[in-house]
Amino acid sequence: MSQTVNDRRPSSLQGATLPKWSPYAIAGGSIALGLGISAAAGLDSEIQWGLMAAVFFVVASYGIAAKVEGRRQAKDRVATSLVWVAFLLAVIPLVSLIWETVKRGVKVLDVYFLSHSMGLVTDTEPGGGIYHAILGTLEQVGIATVISVPIGILTAIYLVEYGRGRLAQAVTFFVDVMTGIPSIVAGLFVLSFWIIILDMGYSGFAGAMALTILMLPVIVRSTEEMLKLVPNELREASLALGVPKWRTIMKVVLPTSIGGITTGVMLAVARITGETAPVLLLVWGSTFINTDPFDGPQASLPMYIYQQYANSGGSGAAYDRAWAAALTLIAFVMILNLAARGIARWKAPKTGR
């Protein structure tokens, strides 16, 4: 009976703790102190008072926690505070970028803007649209995807399932090297070989080949990591039943990792959609609609944004069109990422009963 009573008593080893609302109170006080010092010193920059508030938040979190909870718990709160500060430093510029793009891009973004090309409209005149640029981007990215996805997935399958010896090491090395290749280098390579040596001319297909070079290492690396996550027990069980290795890969390994592979492909597509340097070198650009990516110059959204802003002088109709095209490009990339997440969840292996 005495033992039961003793178990119900509160433990004397538990020290004082700050309430759950204390981080919010400290953050509010830090922001108020930062604003007060900025106002007193006449500082107009929001970055300055924001950094001061972040420093005050970390210092105050440690001081108050050390006074109430002890130094050990105070160090833990400092680490948590630094994580939150780093998170805000990363999110605030992103939110600011999206907000600025939306605010400036909605001025001319409408159905007419999306369904018409520049045609005979000069850069200094109002009107025109981005239909030709959207069409060019879809065709160039689509061709690059059709070329790079089979090659990238088959290369990853070779490295994980078959690759042994020097050949696999060489392939892995070159994939790592290609991952860090600047986009302008890929464009120069295709320019020298396809246009200068073979004299094939500027076209959307030439730009798609450069985008393929940039897309391949991303697909290979992401697919390789997804295939490595498939448990070997699944492979061994299939092989033990007498199933050939190629059929095991097709029916067991790939279906198990298809969600991650699809996500990697979508991220690779999103990565090349905004590339400008290869398009400037190889596609050359056009103000008219060109539905044939294999013949003649073609437009694209990144190049359209560059040309409109370069010819706007910082204001005017071209400036508004550049921001509207940038908003369209961001929306396109966002849709691709959301689609990748949805497909990954849909194709993910089901767990539980």
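So, which helix gives the most to the lining of the largest cavity? What we have here is a predicted model, where local features need pLDDT of at least 70, side-chain atom pairs count only at pLDDT 80 or more, and totals for chains, interfaces and linings use all residues. Residues are numbered from 1 along each chain as its sequence is written, and side-chain values use heavy atoms, with hydrogens and water left out.

Okay, the answer: it's α6, with three residues. Helices here are DSSP runs of H or I, at least four residues, numbered from the N terminus. A cavity is a set of points on a 1 Å grid over the protein atoms alone, where a 1.4 Å probe fits but cannot get out, and lining residues have an atom within 4 Å of a point. Points are joined across faces, edges and corners, and the volume is the space filled by probe spheres set on them. The largest cavity comes to about 50 Å³. Its lining includes T137, Q140 and V141, along with I272 and T273. Both α6 and α11 supply at least two lining residues each.

Now, the largest nonpolar core. That's a set of buried (under 20% relative accessible area, 1.4 Å probe, protein chains only) Ala, Val, Leu, Ile, Met, Phe, Trp, Tyr and Cys residues joined through side-chain atoms within 4.5 Å. This one has 34 residues, and I272 is one of those with the most contacts inside it, as is L227. Helices α6, α8, α9 and α11 each supply at least two of its residues, and the largest share, ten residues, comes from α9.

Technical notes. Buried means under 20% relative accessible area, exposed over 50%, partly exposed in between (1.4 Å probe, protein chains only). On a 1 Å grid over the protein atoms alone, a cavity is a set of points where a 1.4 Å probe fits but cannot get out, and a pocket is an open set with protein on both sides within 12 Å along at least five of seven lines; lining residues have an atom within 4 Å of a point.
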